[in-house]
Amino acid sequence: RYTAAFQRLDPSGPSSEPRRTRGNAGAYALLEGTLVPGTEPAKPQLSGWVRLGVADPRFSPVDIYLGGGLVVRSPVGARPDDRLGVALALARFGGEWRRAQAAEGVATDGHELILETTWSAPLGPRLNVQPNLQYVVNPGGTAALSDALVIGLRGQLAF
């Protein structure tokens, strides 16, 4: 819970000026753990996670987030430090945000859905690469946007 005043998403009065109000709050929970233990470093191990977040729709465009995923360690036996992950994320856009967008002439969808897969691969003791592929349904909750395919590559160099 925040003690500061925040700008609300809904306009107030005939001037349609945003108003600032106290009372912004939210909550977040994460559950993660090993589902199938690997008996040796080169044996696959399966872990998973689930996240849930809620926010006050008077202040936040996304009022509910739900995500989850699975990670396989050592998906290829000869590469025990590799990780293969798949995830799903769903963000619901709150009614206040959707009404504010509609007042500006912007058509919205009620949610954004992301399907993701990634592979983390150490290429030595100091270098790790992680390609990533995401498919986004209803990007940003804006109805005018087409679904999106996002391709990424993350590199990590340790000194």
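Q: Which residue forms a salt bridge with D56?
A: R58 pairs with D56, and their closest N and O atoms are 2.7 Å apart. A salt bridge here is a side-chain nitrogen of Lys or Arg within 4 Å of a carboxyl oxygen of Asp or Glu. The model is a predicted one, in which local features need pLDDT of at least 70 and side-chain atom pairs count only at pLDDT 80 or more, while totals for chains, interfaces and linings use all residues. Residues are numbered from 1 along each chain as its sequence is written, and side-chain values use heavy atoms, with hydrogens and water left out.

Q: Is D56 buried or exposed?
A: D56 counts as buried, at 13% relative accessibility. Buried means under 20% relative accessible area, exposed means over 50%, and partly exposed is in between (1.4 Å probe, protein chains only). R58, at 25%, counts as partly exposed.

Q: How many salt bridges are there by this rule?
A: The count comes to 4. Among them is the pair of D63 and R92, with the closest N and O atoms 2.8 Å apart. D63 lies in strand β5 and R92 in strand β6, so this pair ties together parts that are 29 residues apart in sequence. Strands (E, at least two residues) and helices (H or I, at least four) are DSSP runs, numbered from the N terminus.

Q: What are the relative accessible areas of those two, starting with D63?
A: D63 is buried, with a value of 8%, whereas R92 is partly exposed at 42%.

Q: And which residue does R79 pair with?
A: R79 forms a salt bridge with D82, with 2.7 Å between the closest N and O atoms. D82 is buried at 2% relative accessible area, and R79 is partly exposed at 32%.

Q: New topic: how much space lies in the largest pocket?
A: The largest pocket holds about 320 Å³. On a 1 Å grid over the protein atoms alone, a pocket is an open set of points where a 1.4 Å probe fits, with protein on both sides within 12 Å along at least five of seven lines; lining residues have an atom within 4 Å of a point. The volume is the space filled by probe spheres set on the points.

Q: Which of its lining residues are closest to the centre?
A: Of the 19 lining residues, W49, G85, A87, E116 and T118 are the closest to the centre. Strand β6 gives the largest share of the lining, 7 residues.

Q: What contact joins E116 and N132?
A: Their side chains are joined by a polar contact of 2.5 Å. A polar contact is a pair of N or O atoms within 3.5 Å; within protein, one must be able to donate a hydrogen and the other to accept it, and residues adjacent in sequence count only if both atoms are side-chain atoms. N132 is found in strand β8 and is buried at 16% relative accessibility.

Q: Now the helix: which residues of α1 are buried?
A: In helix α1, residues 95-103, the buried ones are E96, W97, A100 and Q101. They cover an arc of only 135° around the axis, which puts them on the same side of α1. The arc is that of the directions from the helix axis to the C-beta atoms.

Q: What does the face turned away from that buried side carry?
A: That face of α1 carries the exposed residues R99, A102 and A103. Just after α1, G105 takes a positive phi of about 85°.
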